[in-house]
Every structure is written in structure tokens, then in C-alpha cells.
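Here are some notes for a colleague opening this entry for the first time. Please keep the sequence and the view side by side while reading.

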Amino acid sequence: MARRTQVHSVELSDNTEELESPETIESGSLAIQDDSVKEPQKDLWERPQPTSAPVLPDDGSTILRFEIQLARIMPPDGEDLKVKRYVVYELSIRQDSSIIDPQPASIQRRYTDFRNLYNSLKKEFPSKMTTIYFPNKVLVGNFSPDLIAERSAAFESFLTHVASSSALRETTAFLNFLQDSELTKACLLLDERRNEMAIPLLENCFRLLNKIFMDRSRPVLLILCRLVAACTMSPVPHHSAERWASLALSRYDTLCDIDLLQLYIPLLHTCTHLWWQRGLDQKPITDRLEEMSKKGINTKSALTLIQAIHKLDPRTETI
């Protein structure tokens with residue numbers, strides 16, 4: 001059965017069954033350190049510390065939480081004075097179980113991003129949006145901490161409502177809100193052959209989508225395959241390539257989505273080459289290809305994995 005996998009960060013196990021466990025999905029994430037020294041930017045508003053611990057489920061279920069952690073003014077003081085200043089909200093997404101999710105995903109969005117999502121959903125599903133309050137745009141005072149606090153609470157309630165409705169959750173508008181900014185940046189970096197900087201963005205996208213959508217859903221598998229492609233595009237694979245490739249292979253087991261099966265054969269070929277580079281046993285993968293060939297499926301794909309992804313979800317990366 002398709003499910004959402006909660007994620008934490010520990011050492012990777014070679015056990016295939018453990019690839020889907022909460023402890024393994026996060027373990028390969030790469031953090032790029034910024035060597036430049038900058039003055040810390042003062043936040044305009046920070047989420048108040050809770051007065052009590054959050055209520056956590058004790059029945060094995062999970063709770064998806066959207067929280068605005070802070071807001072800051074951009075551009076920072078002293079930078080690009082010609083650009084009109086605006087507020088950026090740092091949105092944290094957690095999937096709490098019996099413990100608080102230790103690996104939340106984080107994205108930054110402006111008021112206009114939330115408003116565009118709201119307007120799009122209200123136009124497409126007016127009956128599902130009648131009870132949702134959305135803060136109006138203001139001409140003055142938009143840097144007020146009280147206004148930021150009010151907006152943050154409204155944004156959190158709005159996103160929680162969207163995620164709880166399958167019709168709203170599965171819209172292109174919601175998916176674009178969640179990933180489009182980071183995914184566009186990652187693809188531009190891949191186009192510039194700056195894979196080391198693109199991979200953390202893709203990992204964050206995967207962590208985020210994996211909390212909201214089912215494990216074998218189209219958004220999750222697309223970003224996972226794109227992550228595998230990014231890790232294997234260079235002559236020397238990224239250090240996390242094997243673990244993401246193994247996870248992708250396990251997610252494709254029993255998949256029935258015909259569109260996403262277009263990625264499976266290129267993924268298998270990519271993994272075969274990666275396994276050869278790593279000195280690993282390729283036979284389980286080549287056996288899959290042979291089994292598919294016996295069923296009359298053409299396994300001699302002329303497309304690379306990134307080319308196959310580009311056919312389903314065109315972006316800017318070089319194919």
C-alpha cells in the first residue's frame with residue numbers, strides 16, 4: 001500500500017527493507033557550508049516559543065504541521081537599495097509521529113506566493129475555499145510584527161486545509177508552491193554543472209514532498225529520479241548516489257503509474273552503471289531488465305535518465 005514515510009537521520013543500512021524506514025531516508029543529505037563571513041541578519045518576526053509541548057499521536061499515525069518560523073525583510077540592509085523591500089516567510093514542514101520530526105523541510109516564500117496559491121485554488125475549487133480566511137494586501141504597515149504574526153497564523157491554517165483535502169493537495173498550483181522556486185534553482189545549477197550545490201536543494205525538495213504526498217506518487221518519484229540523475233551526471237558519482245538510487249529502485253517496486261514507468265528503464269540503466277562504478281553486484285538490476293524484456297518491453301532505452309525526466313517535466317537542465 002502506498003504511504004507517506006516519516007524521515008529521520010541515522011546511518012544508512014544496506015538492507016533493502018530498511019530503505020523505506022524513517023531512519024534512512026534523510027541520512028544522505030549534504031549541507032553546503034558558506035565560507036563567507038556575513039553579519040547575521042536581524043529577523044523582523046520570530047515564532048513565539050510554545051508554552052506547552054505539541055500534542056503527538058500515540059496510535060502510530062502522523063500529523064503534518066506547517067509552521068512559519070520567522071520572517072525577515074529582503075533585501076537585507078545595505079544590499080541592492082534599488083530593489084523594493086519585501087517580507088520573506090520561512091516555512092517549516094514537519095511530519096510528527098510519537099516524536100517531533102527531527103528533520104523538517106524548510107522553504108522561503110513571499111506573501112504573493114501564498115496569495116497566488118489561494119487565488120488559484122479559490123478559482124478552481126470555490127466550494128472548498130469558502131471557509132478559508134486569507135489576509136488582505138496592505139499598502140502601508142506591511143513590516144509590522146503584529147501584521148506578520150496575523151498573516152503567519154492565516155498561512156499555516158490555509159496550508160493545513162489544503163493538505164487535508166485530496167482535491168486541493170493534488171493540484172499543480174500547490175505542487176508549484178511547494179517546489180517550483182527551489183527546483184528551478186537546482187536545475188539552473190545543474191545546467192551550469194554545479195551539481196554539488198544543486199543536490200542539497202533537490203534533497204530538501206524530496207524531504208518536503210515525501211512528507212506531503214504518498215511514497216510512490218508522481219511528485220515524489222519525479223524528484224527522487226531527478227536527484228538520482230543529479231548524483232550520477234558527473235564522471236565521479238556523488239557520495240550519496242548509491243543510497244538515493246537504491247531508494248528509487250525500491251519505490252518502483254509494484255508501481256502501476258504508466259507515465260512514471262517511462263523513467264524506470266533509464267533508472268535501471270543508470271543504476272547498472274553506478275553499481276559497476278561502485279563494484280557492486282549488478283545482477284539483481286540486470287535480472288529486472290531481462291524479465292521486462294521477456295515480457296516484450298523494449299529495454300534498450302536510448303534516453304538517459306535526465307532526458308526521460310525532461311520529457312515528463314521539462315525544466316532548464318541540459319539534456
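1. E182 touches I107, Q108, R109, L201 and C205, leaving aside residues up to four places away in sequence. Start there in the view. The model is a predicted one. E182 itself sits in helix α4. Its relative accessible area is 9%, which is under the 20% cut-off, so E182 counts as buried. Among its neighbours, R109 stands out for a polar contact. The side chains of E182 and R109 make that contact at 2.7 Å.

2. Now the overall layout. The chain has 319 residues, and 45% of them count as buried. It holds 10 helices and four strands. Along the sequence the pattern reads β-β-β-β-α-α-α-α-α-α-α-α-α-α. Of the contacts with a separation of 6 or more, 65% join residues 24 or more positions apart.

3. Next, the strands. β2 (63–74) and β3 (86–96) pair in the antiparallel sense, with 11 bridges. Within this pairing, I63 stands opposite D96 of β3. β3 also pairs with β4, residues 105–110, again in the antiparallel sense. That pairing has six bridges. A105 in β4 is the bridge partner of I93. How enclosed is β3 by the rest of the structure? Largely, because nine of its 11 residues are buried.

4. Look at the loop between β2 and β3, where P75 is found. The peptide bond from M74 to P75 is cis. Its omega is near -10°. For background, most peptide bonds are trans.

5. Most residues other than glycine have a negative phi. Is R193 buried or exposed? R193 counts as exposed because its relative accessibility is 56%, and the cut-off for exposed is over 50%.

6. Helix α7 deserves a close look. It runs over residues 241–252, which makes 12 residues. From first C-alpha to last it reaches 17 Å, close to the 16 Å expected at 1.5 Å a residue. How many of its residues are buried? The count is 11 of 12, and α7 is mostly covered. The buried residues include W244, L247, L249 and Y252. R243 and R251 are buried in α7 as well.

7. What do the buried residues of α7 pack against? They pack against α5, α6 (218–232), α8 (264–278) and α9 (283–294). Just after α7, T254 takes a positive phi of about 65°.

8. Turn to the aromatic residues. The structure holds 12 aromatic pairs. One of them joins Y111 and F155, with ring centres 6.2 Å apart and planes at 45°, so this pair is tilted. Y111 lies in helix α1 (residues 111–124) and F155 in helix α2 (residues 145–164), so the pair ties together parts that are 44 residues apart in sequence. Y111 and F155 are both buried.

9. F155 has a further partner, F134. Their ring centres lie 5.7 Å apart and their planes are at 40°, so this pair is tilted too. F134 belongs to the loop between α1 and α2, while F155 is in helix α2, so the pair ties together parts that are 21 residues apart in sequence. F134 is buried, as is F155.

10. Which residues form one aromatic cluster? They are Y89, Y111, F114, Y118, F134, F155, F158 and F177.

Notes. Residues are numbered from 1 along each chain as its sequence is written. This is a predicted model: local features need pLDDT of at least 70, side-chain atom pairs count only at pLDDT 80 or more; totals for chains, interfaces and linings use all residues. Side-chain values use heavy atoms; hydrogens and water are left out. Helices (H or I, at least four residues) and strands (E, at least two) are DSSP runs, numbered from the N terminus. Buried means under 20% relative accessible area, exposed over 50%, partly exposed in between (1.4 Å probe, protein chains only). The expected span of a helix is 1.5 Å times one less than its number of residues. Contact means heavy atoms within 4.5 Å. Two strands pair if DSSP finds at least two bridges between them. A polar contact is a pair of N or O atoms within 3.5 Å; within protein, one must be able to donate a hydrogen and the other to accept it, and residues adjacent in sequence count only if both atoms are side-chain atoms. Rings of Phe, Tyr and Trp (its six-membered ring) pair if their centres lie within 6.5 Å; planes under 30 degrees apart count as stacked, over 60 as edge-to-face and the rest as tilted.
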